Amino acid sequence: MRCLVTGATGYIGGRLAPRLLTEGHDVRCLARKAGRLRDVPWAAEAEIVEGDLRRPETLPAAFEGVDVAYYLVHSLGQRGFETADREAATNFAEAARAAGVRRIVYLGGPEPAERESLPSAHLRSRAEVARILLDSGVPTAVLRAAVIIGSGSASFEMLRYLTERLPAMVTPRWVRNRIQPIAVRDVLRYLAGCAHLPPEVNRGFDIAGPDVLTFAQMMQRYARVAGLRPRIILPVRPLTPGLSAHWVGLITPVPNAIARPLVESLIHEAVAHEHDIARYVPDPPEGLTGFDQAVGLALTKVRDAQVETRWSNASGPDAPAEPLPSDPDWSGGTAYTDLREQAVDAPPAALWRVIEGVGGEHGWYSFPLAWSVRGWLDRLVGGVGLRRGRRDPHRLQVGEALDFWRVEEIVPGELLRLRAEMRVPGRAWLEMRAEPAEGGSRYVQRAVFLPHGLPGHLYWASVAPFHAVVFGGMARNIARGAEQTTG
């Protein structure tokens, strides 16, 4: 079949596309920027089409000749995400109907028992998208999943960091609510299997793993699988969803904007009410993946640096996407630049290895306290901070998150360009280059800032005095690191 995958730059879509290719389907991916998928291992096997679900005029080419269309996008963590998701789903449904698509498959959220009242905006939006797609006139399968356990998922990262960093904790009462988590491998199996549903199937299905647990039990069982001591958990009444989200944002890499809707979802019990999906996509002979096994598989991938996708891969529709102006003397307005060059007594290949290893556990090669403070300040104003880390400790791909940056461009062995996603009054980039030179190589580092109004100019003036220490030290230490690897 020809399958259209939206959200292929995200956590689930980035794993589903290669699975569909392995099963022999033709895969077309819709992306707002085709370059975001340039470096994924399966890019050469798929067709990448540029389009935006918020711009219906860009969609006909993507849906032409498609048999099955997967809706795997959401604007979680973005301002006005309910409106954005409503518009995107409506445009998707209309384009699918106009193109004669035979099947829509949507991965949504759980339906709480109190269906008349959904205080969680996240769950309310997911339910609204499901209704739009089910009413589209195209046979639709809505898969309702609660917590997805897999390396790199936001729910798993939240569980992992809370458990590992807090041997004792005071928690909100929702940690006692029952949840039926599901392993990401089973989610992908259901999504792929739904391509073969008969045309008369137009409904929702609960999908879940075999274990029903409270979040507190999930933390204790995670600790056991990870070889940690049992955790001391004290649920208390006063922690509201807002306070809980700040608590999660403080301890884990998941920022408040994403933590809050996840926490609000956990206020409701999320237990499967039926298992009708098994009539169409039978359980595997060995059974569905249990919670302990799912955690063990995820931890193995984290340890071996084999995490295919992460929750931070996706960027929302209101994320800055403008490329760095190619002219260093940008004619469109003021451009502040900090340029550093350093001779390196090592070949360009050794220098590149250090450049590509920047961020995450390796840090930023200068004044760690300054970088940490900048990360904390960003978190305080609702930004992502430094704790998103990196997916792989050694290799980077265009489009993936790197602490509070996003990889905008890579020329292997030569150039790494990062675009800032921290909260700043303007647009910022950081370029690192490895250039050949007589007797070794040359490291060239350029920070560029395009200010927005007076606050932008004041911001640059306030941080410029620290650049000699931060950016100067960074250039020297990267050069020194490359020399030490060949010394």
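Biologist: Which residue in S6 does Tyr 106 stand opposite?

Modeller: Tyr 106 faces Val 142 in S6. The model is predicted.

Biologist: What makes S5 and S6 a pair?

Modeller: Pairing takes at least two bridges between the strands. S5 and strand S6 (residues 140-144) have five bridges, in the parallel sense. Therefore they count as paired.

Biologist: How do you know that S4 and S5 pair?

Modeller: The test is again at least two bridges. Strand S4 (residues 68-71) and S5 share four bridges, so they pair. Their sense is parallel. One of the contacts sets Val 68 against its bridge partner in S5, Arg 103.

Biologist: Why is S5 called mostly covered?

Modeller: Buried means under 20% relative accessible area. In S5 (residues 103-108), six of six residues are buried, so the strand is called mostly covered.

Biologist: Which residues point each way from S5?

Modeller: Arg 103, Val 105 and Leu 107 point one way. Ile 104, Tyr 106 and Gly 108 point the other way. All are buried.

Biologist: How many cavities are there in the whole structure?

Modeller: The search finds four of 30 Å³ or more. The largest cavity holds about 100 Å³ of space. Of its 14 lining residues, the closest to the centre are Pro 110, Arg 144, Ala 270, Val 271 and Ala 272.

Biologist: Why is it called a cavity and not a pocket?

Modeller: In a cavity a 1.4 Å probe fits but cannot get out, whereas a pocket is open.

Biologist: What makes up the lining of the largest cavity?

Modeller: Eight residues are nonpolar, two polar and four charged. Arg counts as charged, so Arg 144 in that lining is a charged residue.

Notes:
Residues numbered from 1 in each chain as written. Predicted model: local features only at pLDDT ≥ 70, side-chain atom pairs only at ≥ 80, totals over all residues. Heavy atoms only, no water. 1 Å grid on protein atoms, 1.4 Å probe; cavity = no way out; pocket = protein on both sides within 12 Å on 5 of 7 lines; lining within 4 Å. Points joined across faces, edges and corners; volume = space filled by probe spheres on them. Buried < 20%, exposed > 50% of the residue type's maximum accessible area, 1.4 Å probe, protein only. Helix = DSSP H or I, 4+ residues; strand = E, 2+ residues; numbered from the N terminus.
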